[in-house]
Amino acid sequence: MTALHDVVPAVPRPDLQPYTYVRRELIEPDWRRFPGWRQVTDAQWRDAQWQRVNCVKNVKQLRTVMGDLLDERFYDELAADQADLATMSMLVPPQMLNTMAPHAEPAEFTDAFFADPVRRYMIPVRSDRDPHWPSHPHSSRDSLHEAEMWVVEGLTHRYPTKVLAELVSTCPQYCGHCTRMDLVGNSTPQVQKHKLLLKPVDRQDQMIDYLKRTPGVRDVVVSGGDVANVPWPQLESFLMRLLDIETVRDVRLATKALAGLPQHWLQPRVVEGMERVARTAHRRGVNLAIHTHVNHAQSVTPLVAEAARTALDVGVRDVRNQGVLMKGVNATPDDLLDLCFALQGEANILPYYFYMCDMIPNAEHWRVAVWEAQELQHAIMGYLPGYATPRIVCDVPYVGKRWVHQVAEYDRELGISYWTKNYRTGIELEDPDALDRRYPYYDPISTLGEAGRDWWSKQA
């Protein structure tokens, strides 16, 4: 019999692990590889106004940047997608475009650009979409029914203690999979966008008034759109008014621009203003955090890390990431873990959530099935520190965020999962059955077997 102290530890064999961690230094890709930006200086690149002015908004502008790097077939596919399928208009900051195909040689650039994970969700093309089921039969333009739960324009009271404040309906960049595609951005041939009707000052007055009258709300997510598109004096004023409400204990600023346009968050006037807000929050015992949205390790560059560290340096309590789980982008254990280690280890951004892509129109090629999300959650456990291991969640319509293993019942053949909840949303306060009901969620039909696909074909 061998005593415990006689056991010789095995020689580490990281090659035998399903995933091997390798620390990778963050790199800012060289934007001068693009013909249209060969003369752009470092100072211009760091300038937020230059980044905004030089956003790519259409095929013509993309041609100007890319020159002869991209074949005509890409532009044809992009134009076809924008004409027939895109739910978001095109808006890509130079910072974000520069993270696409960062190491491709000119001769291989078109194929690399087609395959690039960041390109897949920021500049979708027609061949990306599911040819048979581009939309699920139960998809909808406000798939989470947020507007139904507005207590005043732009203020969604969905959870008992939390609200979402949409201050603006624009962003510095438009993601193809945007869950708020019914409101955010310019209209497309497929989607006539809704509009915020009140003047910003009136909308914010109504939000503040509601929060003062509703002491049960302690957590306010300030979003849009993207708060980076709110003029700083207006945003700072709104945040200070929030901090004046004694019952508000958490304030979260939602901004993908920390990754897509970090230059905005490095502007001296923004940094100085953020420090004023952070000091006020600290003095009043309020937790102030920034939530950003990074979906692939390529997007984590030195400028992104600098923006995150700057926010922390001036007193923001946390910078956290809420990514979206998407096929072709990050829906593998290696991609998720590479991203989380880049965020946590190199940029001081806490991996927080990965949402399953919501059931909006023309998004089936991105979405994963619940069972696939469960397998991914299992696969990433144990590699990261526990506090930095993100939860993969399903945002179930009329329910809210649910960890993917919380499913109450699951018909794998038809791809229908059923979920329960432990609170009433703002539109169910008088509904006696809200807490007993089972709420459905639907897997992409392409993930089903033959019997399931046949069943849905008959339903359609």
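Strands β7 (residues 318-325) and β8 (residues 350-356) pair in the parallel sense over six bridges; two strands count as paired if DSSP finds at least two bridges between them. This is a predicted model, where local features need pLDDT of at least 70, side-chain atom pairs count only at pLDDT 80 or more, and totals for chains, interfaces and linings use all residues. Residues are numbered from 1 along each chain as its sequence is written, and side-chain values use heavy atoms, leaving out hydrogens and water.

**The sheet**
- Glycine 323 stands opposite phenylalanine 354 in β8.
- Ten strands make an open sheet with mixed pairing, in the order β1-β2-β3-β4-β5-β6-β7-β8-β9-β10; strands (E, at least two residues) and helices (H or I, at least four) are DSSP runs numbered from the N terminus.
- β1 (150-152) and β10 (400-403) stand at the edges with a single partner strand each, so one side of each lacks a neighbour in the sheet.

**Helices α9 and α12**
- The axes of α9 (residues 232-243) and α12 (residues 268-283) come within 10 Å and cross at roughly 5 degrees; axes are lines fitted to C-alpha atoms, for helices over the stretch in contact, and angles run from 0 to 180 degrees between N-to-C directions.
- The two helices, α9 and α12, are therefore roughly parallel, a label for angles under 35 degrees.

**Cysteines**
- The disulfide count comes to zero, with a disulfide being a pair of cysteine sulfur atoms within 2.5 Å.
- Cysteine 357 has its closest cysteine sulfur, in cysteine 178, 10 Å away, too far for a bond.

Definitions and conventions
Angles under 35 degrees count as roughly parallel, over 145 as roughly antiparallel, 65 to 115 as roughly perpendicular and the rest as oblique.
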